[in-house]
Amino acid sequence: MGGFLYTNRDTLSVGAVYHFDSLIRNPIEPYTLIDTLLKNPMVSEFIKDKVPVKPDIDKNLPQEEKLRIRFGVAKLIKTWYEIREANFSPSGRERLIESGKYKDAEDIQSTLSSIQEKMSEKFGVTFGTDYLEDEYGAKLVPDGKRCRMKTPFFKNILFVGDAAGRGVFVGPRIEGLNVGIDDGVRAANAVARALDKNDFSNSLGEFYSKSVEQSPYTIDMKQIDKDYLKIFLDAAKDVPKDIIGSRYGTVLKMMSSSTFRGIAVKFANIIGYDKLLPMIESEETYVKVPTLLAERLGKSISSSYSPTIPSMADRIANLNYNDDSLAHIKVLNSNSEYMKKMVILCPAKCYSEEGGKVIIQHEGCVDCGTCSQETEWRHPRGEKGIHYQYG
Ligand SMILES: Cc1cc2nc3c(=O)[nH]c(=O)nc-3n(C[C@H](O)[C@H](O)[C@H](O)COP(=O)(O)OP(=O)(O)OC[C@H]3O[C@@H](n4cnc5c(N)ncnc54)[C@H](O)[C@@H]3O)c2cc1C
Ligand code: SF4
């Protein structure tokens, strides 16, 4: 498992990344993984935000006055949260301006400041620290080592980027955007050429496929396939040899020594990276070795606060959907073991089991693609389905 924390203009994007294969082997709710990451002090310190804290109301005040204060505070806090949240996303900001209540982004900002001032001065609201989540989402990312299409076309349909399963994901190298853009340009050139020649035979796809073969990313992907063990050994070179030995056995310990490394890499290239994947991308690499390393070399850290993690029901309720009455996903075999795992693995809790049969409620679907293998799976129609505010 890995994670990322991206800085955006006004917000942060935090995510947990894990292998689909490992979740299929040991199903665990995806949100428990992200929640664990959010609570990790290394992360929680970066994601802390300023939140209003309701004041203690003087018990001696008349009941009516106490109610007036409680209502005033609650109303101001609600308005502050609503404007603040909308203001963070470009579409939300646009909506606020379009409502006619605000002239521009500056006007929204000054309204927020004045509400904040009013909360403090009039009602004694203070500000504390907590985690505030604006949007929850999930997405299956195709790994080029596992699901790259050999020829990225079918008849006159050209597949680019993620659709062709062409992401480069090796350790810290997370590249899908550049691959998608490069493929898109190559596909556009192939179509322009076909238009010029008025030739829409198979040569369109073949020309595109050849062009994709020359892409620097395809060359990289092939090199990664070829050098997979070498990349792994390079990444593991600072791991103490006894840890490598205790987790992976004597053979890998020998491979990581300079004497046998060259021979091992040549041998691994003959076996092929696909046979190495299960050994290298395993629980040993992602869980046990880092745990041993942390126990031996790490130091304990603590967080200055405990982040409030929203419930799944709150997360889904906070998302924007254009509901479609027509289900875009159909379960093909409601008794299959695979579908039973989806009850745990769907990040939006769309699946449940009733009387031994798996059923889906598509309305909360976040369109992640996780369940596509054994279902009739489509994106929602047209403008329907989830509308992410932050991309
Ligand atoms: C959390 C996360 C972090 C990532 N980080 C990085 C990173 O740091 N660097 C990097 O290079 N890559 C990163 N990636 C990968 C990268 O985002 C993707 O590889 C890239 O966006 C793929 O581009 P694409 O054009 O192939 O597909 P997409 O970006 O998925 O575009 C497909 C588009 O088609 C639309 N669509 C789907 N169905 C229909 C339909 N029926 N009608 C009309 N439109 C439709 C979709 O809404 C979507 O907009 C990350 C991915 C994720 C999920
Ligand atoms: S129903 Fe399927 S595509 Fe939708 S969120 Fe759940 S797993 Fe993802």
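1. The largest share of the shell around ligand 1, three residues, is supplied by α8. This is a predicted model, in which local features need pLDDT of at least 70 and side-chain atom pairs count only at pLDDT 80 or more, while totals for chains, interfaces and linings use all residues. Residues are numbered from 1 along each chain as its sequence is written, and chains are lettered from A and ligands numbered from 1 in the order in which they are written.

2. Ligand 1 is surrounded by 15 residues, the closest being Gly161, Asp162, Gly176, Leu177 and Gly180; a residue is near a molecule if its C-beta atom, placed from the backbone, lies within 6 Å of it. At least two residues of this shell come from each of β8 (173-175) and α8 (177-197). Helices (H or I, at least four residues) and strands (E, at least two) are DSSP runs, numbered from the N terminus.

3. The shell around ligand 2 includes Cys346, Cys350, Cys365, Cys368 and Cys371, together with Asp367. By class, nine residues of this shell are nonpolar, two polar and one charged. Here Ala, Val, Leu, Ile, Met, Phe, Trp, Tyr, Cys and Pro count as nonpolar, Asp, Glu, Lys and Arg as charged, and the others, Gly among them, as polar.

4. Within α16 (residues 283-297), the 15 residues at 1.5 Å each should span 21 Å, and the end C-alpha atoms are 20 Å apart, which agrees. The expected span is 1.5 Å times one less than the number of residues. A kink of about 25 degrees lies at Val289, shortly before the proline Pro290; the bend at a residue is the angle between axes fitted to the seven residues ending there and the seven starting there.
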